[in-house]
Structures are given as structure tokens and as C-alpha cells.
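Visitor: I have a model open and want to learn how to read its features. Where do we begin?

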Amino acid sequence: DCALLLCEPCTKMHRRIPATVDHEVIPQETIKARGNRDLFQPRKHCSKHKSQELAFYCETCRTMICTACTVVDHRPGKDHNTVELSSVAQAKKDSLQRFMQQLNPRLKDVREALKQIDKERAKLPVSREEAIEQATTYFRHLADLV
């Protein structure tokens, strides 16, 4: 529940503390074996109903809510549209993936433009030095004429 990597002595202590005695403790080996980092994500709890995990999303209020909130404050109907958090998360993930697919072709163009800018910028100190040299030569020539 805390999403912490704990050594064996700390794990034993974690299991004895009253506030964390009901936490699910997953051995590090299990996480590695499953190759699933999702187990290492802390669970989010409702700020109003502390013992309740956030499992729903109120689309009207644009906020994550717990089961108790769906009954008390965000009752589905004309004022609130509640949906499962997992479905909202998947829809957002799909949307971000589509957005990334649109960005990837543009990213190549941006990188090429940055390379061209770097090339032009590299020329600037040389151009500046050349301009100073030309101005100095011109003013010396004018000075010689006077």
C-alpha cells in the first residue's frame, strides 16, 4: 500500500505498526518475477473517506472519487456522471498514444530544424569576427585617406 522497497527488518516492523498492519506487502522478488511495476504504485485513497480507495471518476466534476462518494456526493444521474476509474484511465492512455503518434513525425522535422539552427549558429562567431575585421580594415583605410 505504501509502495516502498523495504529490507527484511523494515518489512517486519511495517507489519507490526498499527497504521500499516493491514497493508499488503509484496516481496521484491515477486515484483521482479512478474515484471509488473503496477504492483509498486501507491493506492490513492479518498480525502473524505480515508479508508476508501479511489475507484471511480465523476466526469461532471472532473475528479476521482470512492465508492462512498458515488452514493453520498456524486450520485449518478442528471447532476453527476460517474464511471469506473480504470476505463477513464484506459481512454486517457489511448488518447495520449494517438497524440504521441501524431507528434512522432513532427519530432523528426523539429530535430532537423534544430540541427540547421546549430549549423547556422556555429557560423555566427566566425561571421562576427569577419565583420569586425572588415570594419577595422575599412576604418584604417579611411584614416589613411585623411
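Guide: With salt bridges, meaning a side-chain nitrogen of Lys or Arg within 4 Å of a carboxyl oxygen of Asp or Glu. A search of the whole structure turns up two. This is a predicted model: local features need pLDDT of at least 70, side-chain atom pairs count only at pLDDT 80 or more, and totals for chains, interfaces and linings use all residues. Residues are numbered from 1 along each chain as its sequence is written, and side-chain values use heavy atoms, with hydrogens and water left out.

Visitor: Which side chains meet at 2.6 Å, N to O?

Guide: Those of Lys48 and Asp73. The pair links distant parts of the chain, 25 residues apart. Lys48 lies in the loop between α2 (28-34) and β1, Asp73 in the loop between α3 (67-72) and β3. Helices (H or I, at least four residues) and strands (E, at least two) are DSSP runs, numbered from the N terminus.

Visitor: Which side chains form the salt bridge at 3.9 Å?

Guide: Glu112 and Lys115. They are three residues apart in helix α4, so about one helical turn separates them. Glu112 is partly exposed at 44% relative accessible area, and Lys115 is partly exposed at 49%. Buried means under 20%, exposed over 50%, partly exposed in between (1.4 Å probe, protein chains only).

Visitor: How do I read the sheet? What is the strand order?

Guide: Two strands pair if DSSP finds at least two bridges between them. Here three strands form an open antiparallel sheet, ordered β2-β1-β3. β2 (63-66) and β3 (82-84) are at the edges; each has a single partner strand, so one side of each lacks a neighbour in the sheet. Four bridges join β1 (residues 54-58) to β2.

Visitor: Which residues make up the largest nonpolar core?

Guide: In soluble globular proteins, nonpolar side chains tend to be buried together. A nonpolar core is a set of buried Ala, Val, Leu, Ile, Met, Phe, Trp, Tyr and Cys residues joined through side-chain atoms within 4.5 Å. The largest one has six residues: Cys46, Leu54, Cys58, Ile65, Cys66 and Cys69.

Visitor: How many disulfides does the structure hold?

Guide: A disulfide is a covalent bond between the sulfur atoms of two cysteines. The test is a pair of cysteine sulfurs within 2.5 Å. The structure holds zero. Take Cys69, buried at 5% relative accessible area. Its closest cysteine sulfur, in Cys46, is 3.7 Å away, too far for a bond.
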